[in-house]
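Here is a friendly briefing to read alongside the model. Have the sequence and the 3D view open as you go.

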Amino acid sequence: MITSGFEDEDKWLAEGIAGIQQNAFYMHRALDANNLREALKYSSQLLSELRTSRLSPHKYFELYMRAFDELRKLEMFFKEQDRHGCSVADLYELVQHAGNILPRLYLLCTVGSVYIKSKDAPAKDVLKDLVEMCRGVQHPIRGLFLRSYLAQVSRDKLPDIVSECEGCYSDCDRFILFGDAELRPSIGLSGLQGPVRVIEKRNKERNELRDLVGKNLHVLSQIEGIDLEMYKDTVLPRILEQVVNCKDELAQYYLMDCIIQVFPDEYHLQTLETLLGACPQLQPTVDIKTVLSLLMERLSNYAASSPELLPEFLQVEAFAKLSNAIGKVIEAQVDMPVVGAITLYVSLLTFTLRVHPDRLDYVDQVLGACVKKLSGKAKLEDTKATKQVVALLSAPLEKYNDIVTALTLSNYPCVMDHLDDGTNKVMAMVIIQSIMTNNTCISTADKVEVLFELIKGLIKDLDGTPVDELDEEDFKEEQNSVARLIHMLYNDDPEEMLKIICTVRKHIMTGGPKRLPFTVPPLVFSALKLIRRLQGQDGEVDGEEVPATPKKIFQLLNQTVEALSYAQSPELALRLYLQCAEVNGDYISYLRNVGIRSNSSKTFTLRMMAANDSDLEPVAYECFTQAFLLYEEEIADSKAQVTAIHLIIGTLQRMNVFGVENRDTLTHKATGYSAKLLKKPDQCRAVYACSHLFWVDDQDGIKDGERVLLCLKRSLRIANAAQQMANVARGSSGPITLFVEILNKYLYFFEKGNPQITGAAIQGLIELIKNMQSDTTTPDRASDAFFASALRYIQFQKEKGGAMGELYNSINV
């Protein structure tokens, strides 16, 4: 039966609208004829359509608005006494003879609004009479719409004299609140029962009626003459009394929401204690967090509208009152979920950051309250709660654009400790992103310690989950972010910078073998950068001892890079060892030059360091030793071996700081490993690259022509062996590329003045290559073009003349 009624609502609404339109037509004709009796007759019949109880609030509202429009025209007719020839007082008595109570009360309200405006009777008496008579409508929906109509027609006609109006306002807010109190029985808020469709329908009706109640409160807020004092002493206490006594969660929530929405922000600020005092008295199931969040948002916007308003917030102690109110609400609503409490703290923190951005103690107090709420509980697993915690922790970062400020908040790390490991990583990424976006420099070891405690979820496994089970792309993004962060740590003071490096090292060394390849390189380069800064201080260093010494830093680096060898990253470790060795060599060269140049007492310290540079040479030698050990024991892939040996050769070639014995040992190792590569072409190229180890084109560089020649001859033998192997394997000799490459090396050292490289040797090599070209059955265009280019170069040098032309004159191409 009920379902059938719902389906027929459109039909019933259409019938009601048709009845209103028909009677409105005759009413308009009567109004045009100035026929009062006929106008009252048809208006009463028109209003009788509102007596229906078959429509939902939404449909009833459509019908009500049709009648409302017609009543506005009737009101205009009542104002013109010369048209109907009846006084307002007589008219007020006349309409009371209408047959049905609902049409009678609508007509009374319409005439009553004219009566109040005419001031023929005290407004208080008229309004009180209307309020009392409106109580005669017992049906909640019809009664609510009737009182809404009374509020609308009377709000702009109340007198402006406060002494006269005080009673009017009391009655006005009384009938509005009386209508709100009837919201509960009107829509059956307690114990809805029946089919699911019926319950959904009733819930929809409840929401529709809430809008009407809010409209009534809005009318109350628009009444002229209700100043702050009257609102504080009379209006707000009565409204809150009705709200608390309502005992219905939906009505309480919506009425509190309406109060905050419709009354001015200035009133809320001055009555904050009264308004907040009602919150703990509401039903435990009321969504008070949303109400308080809305209140704090409005107050925040109010404070932001003008800096001159801030003293008012301080005067009323808004933060303290809000903080205490939130605490009482959480305490009173023992069943409030954690997400609700955290949401309140997020709103309070947002309010604090907008109104009192300079009060970091307030910010820390909010975080501390959140920690207290979360203490004793397991790590958050609720998705909504964790999102709110992330919002809570992100708010200071977004406000101050400076992680350094957040690092001063003692409760900030404590809040992060309550996050689950996944969310902890998310928050750590937010922190790093804030640092990157704002280009924030972390400059003290203490702050770095706090920072790395905050992002520990990215640095090590918090829950024991194997790294192999993590998403590979996400893992790389996280570790690359940590690597970028390390480059943002800086201090001009070398001693403090060394403390920062040690602090970072302490944390990242706990990351495990999968993380170290990402985090160790930036740490190593930060330390090397510090060494170069020490190198650049020159005469600015005072005192007899420098705490952050290069030797101490290199020892730290050796220990750090060594960890990579256990992290299955030998190639990366080798590169870093070589980088450390090269920077070490540059520093030793710098100290030796300083020792030569320094003659003043101002650079006494550096001259003493230069005199003891032998302490750093073993460090560089140890770096090469570790690199060779990694090459021998850890690097098995042939391609990786080729890359590694060329890196070793290139680094060693650039260093001229080793003694004769150490250098001989290292060069012997390099040439030996070069000749033991798997593929002959790789052997050949590595061996002729070793020739550069014995001829360094610097003023003080080594120049051993004989050993250069030995390397080149050895590379020729290996190239010839490669040719023979190719001939056996494929039945034809391989390309001449290797020989042309060796020819280019001969030409290089020939131009550099190596006496062991003669024109005759070059001529012989050219002839050898030409013979190989003529013997091959399958010419290789690339190799032939390469050789032709070398010959053109020789011819160019001959034709250029001068000393270089004479040098090449003995070579025939």
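His268 is buried, with a relative accessible area of 0%. In this predicted model, His268 sits in helix 15, which covers residues 265-270. From there we can move on to the nonpolar cores, the aromatic pairs and the confidence of the prediction.

**Around His268**

- The side chain of His268 reaches the backbone oxygen of Phe263, at 3.2 Å.
- Leaving aside residues up to four places away in sequence, His268 touches Tyr231, Ile259, Ile260, Phe263, Leu275, Leu295 and Leu299.
- Why does His268 count as buried? Its relative accessible area is 0%, and the cut-off for buried is under 20%.

**Nonpolar cores**

- In soluble globular proteins, nonpolar side chains tend to be buried together.
- The largest nonpolar core here has 201 residues, and the members that touch the most others are Tyr412, Ile431, Leu451 and Phe452.
- Take Ile431 as a way in: not counting residues up to four places away in sequence, Ile431 touches Leu397, Ile403, Tyr412, Met416, Leu451, Leu454 and Ile455.
- Another core lies apart from that one, with 55 residues, among them Ile17, Leu50, Leu107 and Cys109.

**Aromatic pairs and a charge over a ring**

- How many aromatic pairs does a search of the whole structure find? There are 24 aromatic pairs.
- One of them joins Phe475 and Phe518: the ring centres are 5.9 Å apart and the planes stand at 85 degrees, so this pair is edge-to-face.
- Phe475 belongs to helix 28 (residues 472-486) and Phe518 to helix 30 (residues 516-535), so the pair ties together parts 43 residues apart in sequence.
- Phe475 is buried, at a relative accessible area of 3%, whereas Phe518 counts as partly exposed, at 22% relative accessibility.
- Tyr793 and Tyr808 also form an edge-to-face pair, because their planes are at 85 degrees, with ring centres 6.4 Å apart.
- Here the tie runs between helix 41 (residues 781-800), which holds Tyr793, and helix 42 (residues 802-808), which holds Tyr808, so parts 15 residues apart in sequence are linked.
- Tyr793 is partly exposed, at 32% relative accessibility, while Tyr808 is buried, with a relative accessible area of 0%.
- One aromatic cluster is formed by Tyr60, Phe61, Tyr64, Phe68, Tyr106, Phe145 and Tyr149.
- For a charge over a ring, look at Arg359, which lies over the face of Tyr362, at 4.1 Å from the ring centre.

**The chain as a whole**

- The chain has 42 helices and zero strands.
- Of its 813 residues, 52% are buried.
- Among contacts in the chain with a separation of 6 or more, 74% are between residues 24 or more positions apart.

**Confidence of the prediction**

- The mean pLDDT of the chain is 83, and 84% of its residues reach 70 or more.
- Over residues 175-194 the pLDDT is below 50, and the model gives this stretch 48 contacts beyond near neighbours in sequence.
- Residues 598-612 also have pLDDT under 50, with 24 contacts in the model beyond four places in sequence.

How values were computed:
Residues are numbered from 1 along each chain as its sequence is written. This is a predicted model: local features need pLDDT of at least 70, side-chain atom pairs count only at pLDDT 80 or more; totals for chains, interfaces and linings use all residues. Side-chain values use heavy atoms; hydrogens and water are left out. A nonpolar core is a set of buried Ala, Val, Leu, Ile, Met, Phe, Trp, Tyr and Cys residues joined through side-chain atoms within 4.5 Å. Buried means under 20% relative accessible area, exposed over 50%, partly exposed in between (1.4 Å probe, protein chains only). Contact means heavy atoms within 4.5 Å. Helices (H or I, at least four residues) and strands (E, at least two) are DSSP runs, numbered from the N terminus. A polar contact is a pair of N or O atoms within 3.5 Å; within protein, one must be able to donate a hydrogen and the other to accept it, and residues adjacent in sequence count only if both atoms are side-chain atoms. Rings of Phe, Tyr and Trp (its six-membered ring) pair if their centres lie within 6.5 Å; planes under 30 degrees apart count as stacked, over 60 as edge-to-face and the rest as tilted. A charge sits over a ring if NZ of Lys or CZ of Arg is within 6 Å of the ring centre and within 35 degrees of the ring normal. pLDDT is the predictor's confidence in each residue, from 0 to 100.
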